[in-house]
Amino acid sequence: MYEITVEKIWKAVVGRLQSSLGSAAVDTWIAPLSADRLEGGVLYINAPNMFLRDWVQNNYINKILYSCAQENKDIQAVEISVIDAKSRVNSVSMNVIPESIAIMPERVKFEEHFDFCIPLDPKLTFDNFVVGKPNELAYAAALRVAESEEVAFNPLFLYGAVGLGKTHLMNAIAWRIRSRSPDRSIAYLSAEKFMYQFVKAVRYKDTMAFKEQFRSVDVLMIDDIQFICGKDSTQEEFFHTFNALVDNKRQVVVSADKSPSDLDGMEERLKSRLGWGLVADIHPTTYELRLSILQSKAVSFPVEIPNKVLEFVAHKITSNIRELEGALNRIAASAVLVGREVTVDSARDVLSDLLRVSEKKITVEEIQKKVAAHYAIKLSDMSSSRRVRQVTLPRQVAMYLSKKLTTLSLPEIGKIFGGKDHTTVLHAVKRIEKSIESDNSLAEDIRLLIQVMEK
């Protein structure tokens, strides 16, 4: 009867992990685990081999701990063991995170003060963040905020598409502040949770406690602020909370999927406040950044992954960093668990479902149509020789996107643009690459266009 109870607990925990990690990760890394027993507040879990045990320990233990705490408050710790025929060996034990506790990368526990805060991920630190042109401003700003003794920018507003590193930087800021100033109180939560806490306070006529709670922190970090767009009462409360913190020189860090000025449904006064400090966007990844991320991550695997395979993945998986890392995990899992040699062909087989999605054929003609519509010019202008800025900029953007999103050569692209020379296309590509480093409006245009193309 007791074993059935433990099995039910573990099954529920796996269900929670399914929602947070996704089916692929759960099937590869969590499904092979099994619950052994619950003794003295410790949930003992069995792993079939040391590699899988270590991988789960290094990559998913925080989420397992958190899910266990949510499922059963009697669980105070989790121990993962590799079992052989004779005895329990190679145990790894971790204390649980009962929502109000987080584990630092050095495995030092600290009190988070609020039971609604997001548990920090030990892997998401500045040391593990790969910097490239698309994210260098956001990285530098986040590091400055985390290491400054005084408020550097208020607020720091990070924005970009899903999976480009916003959450990583938010976690990194919190970890660095904690390590430098453990006495500073940090509240890190989603905008959805902020709204939920506010609604609950209104319902139970406890708004004063809510105000005191949020306005007393040293650092307030809100993820996905776009969630409160159109929610007037929550915006009103956040507006006053924001002002109170800024007036008292407390740090505010906010993330969103768009810049403050593009948040439809957000009050103008709040848009203005959010743009007060530093707005730093994270652009879509370049091939070079994707390859650097893969190379950095690959060194932690127990199997060697040839650079040709990393280059293949960097070329094929372009949507976001999470999917990129997930692809690499699957390749490593196949090599270790199945014993298959890591080659480009084997990687193509393992990632076949991802590649079908990412290999949607984007044509230059489609790019020309989307860009022309975006900038409200005639499609024929893409192939013309007109040199007015209203035409040349969109045409250069279209050439840049054609080089980025298709496999065509520069001469082939130039031919579709009315027989342009390959040097003209190269000039356009380089000019746009340089411009987006300093022109946030152009960078946002390109980000939106890429999203449209890849849908």
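Modeller: R348 is partly exposed, at a relative accessible area of 38% (buried is under 20%, exposed over 50%, partly exposed in between, with a 1.4 Å probe and protein chains only). This is a predicted model, where local features need pLDDT of at least 70 and side-chain atom pairs count only at pLDDT 80 or more, while totals for chains, interfaces and linings use all residues. Residues are numbered from 1 along each chain as its sequence is written, and side-chain values use heavy atoms, without hydrogens and water.

Biologist: Which side chain meets R348 in a salt bridge?

Modeller: Side chains of opposite charge can pair when their charged atoms come close. Here the partner of R348 is D345, at 3.2 Å from N to O (the rule asks for a side-chain nitrogen of Lys or Arg within 4 Å of a carboxyl oxygen of Asp or Glu). D345 and R348 are separated by about one helical turn because they lie three residues apart in helix 14 (helices are DSSP runs of H or I with at least four residues, strands are E runs of at least two, both numbered from the N terminus). D345 is exposed, at 52%.

Biologist: How many salt bridges does the structure hold?

Modeller: The structure holds 15. Among them, E236 and R269 meet at 2.4 Å, N to O. E236 sits in helix 9 and R269 in helix 10, so this bridge ties together parts 33 residues apart in sequence. E236 is partly exposed, at 32%, and R269 is also partly exposed, at 32%. E437 pairs with K133, with the closest N and O atoms 3.2 Å apart. That pair links distant parts of the chain, 304 residues apart. E437 is partly exposed, at 48%, whereas K133 is exposed, at 60%. D36, R37 and E39 are linked in a network of salt bridges.

Biologist: Where in the chain is confidence lowest?

Modeller: Strand 6 (residues 109–111) has the lowest confidence, at a mean of 30, and strand 10 (residues 251–256) the highest, at 94 (pLDDT is the predictor's confidence in each residue, from 0 to 100). Residues 85–113 have pLDDT below 50, yet beyond near neighbours in sequence this stretch has 94 contacts in the model (heavy atoms within 4.5 Å). The mean pLDDT of the chain is 83, and 90% of its residues reach 70 or more.
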